[in-house]
Amino acid sequence: MDMRQLKYFVEIVDAGSLSKAAQKLYIAQPSLSQQIAGLETELKTKLLLRSAQGVTPTTAGSVLYKHA
C-alpha cells in the first residue's frame with residue numbers, strides 16, 4: 001500500500017464515483033480501478049461496493065477511510 005493508492009481511495013469515496021474521481025485526479029478510470037483492485041488484493045478485503053448509482057465504502061472501507 002502506498003500513499004497514492006490511499007489518496008485515490010479517499011477521492012473515490014469523497015466523489016462517490018470512480019468516473020468522477022478519475023476526472024478530478026486527471027487519470028484514466030481503468031487505471032484508477034486497477035489501483036483500487038491492487039489495494040483490495042493487498043488488504044485481502046473488498047473496500048468498495050460498486051453499483052449503477054456509484055460506489056460506497058464497505059465496513060472495512062469505512063475504517064480505512066477514517067485512517068487515511
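**Close-ups of a predicted model**

**View 1. Ile-12 and its contacts.** Setting aside neighbours within four places in sequence, Ile-12 is in contact with Ser-17, Leu-18, Ala-21, Leu-32, Ile-36, Leu-48 and Val-55. Keep in mind that this is a predicted model.

**View 2. The largest nonpolar core.** Here we look at the largest nonpolar core, which has 16 residues. Which of them touch the most other members? That would be Phe-9, Ile-12, Leu-32, Ile-36, Leu-47, Leu-48 and Leu-64. As a bit of background, nonpolar side chains in soluble globular proteins tend to be buried together.

**View 3. Where α2 meets α3.** Helix α2 covers residues 18–25 and helix α3 covers residues 29–43. Their axes come within 9 Å and cross at roughly 110 degrees, so the two helices are roughly perpendicular to each other. On the α2 side, the residues in contact are Leu-18, Ser-19, Ala-21, Ala-22 and Leu-25; on the α3 side, they are Gln-29, Leu-32 and Ser-33. Sort the residues of this contact by type and you get 5 nonpolar, 3 polar and no charged.

View 4. The side chain of Gln-5 reaches the backbone oxygen of Gln-35 at 3.4 Å. Not counting residues up to four places away in sequence, Gln-5 touches Gln-35, Ile-36, Gly-38, Leu-39 and Glu-42.

Methods. Residues are numbered from 1 along each chain as its sequence is written. This is a predicted model: local features need pLDDT of at least 70, side-chain atom pairs count only at pLDDT 80 or more; totals for chains, interfaces and linings use all residues. Side-chain values use heavy atoms; hydrogens and water are left out. Axes are lines fitted to C-alpha atoms, for helices over the stretch in contact, and angles run from 0 to 180 degrees between N-to-C directions. Helices (H or I, at least four residues) and strands (E, at least two) are DSSP runs, numbered from the N terminus. Angles under 35 degrees count as roughly parallel, over 145 as roughly antiparallel, 65 to 115 as roughly perpendicular and the rest as oblique. Contact means heavy atoms within 4.5 Å. Ala, Val, Leu, Ile, Met, Phe, Trp, Tyr, Cys and Pro count as nonpolar, Asp, Glu, Lys and Arg as charged, and the others, Gly among them, as polar. A nonpolar core is a set of buried Ala, Val, Leu, Ile, Met, Phe, Trp, Tyr and Cys residues joined through side-chain atoms within 4.5 Å. Buried means under 20% relative accessible area, exposed over 50%, partly exposed in between (1.4 Å probe, protein chains only). A polar contact is a pair of N or O atoms within 3.5 Å; within protein, one must be able to donate a hydrogen and the other to accept it, and residues adjacent in sequence count only if both atoms are side-chain atoms.
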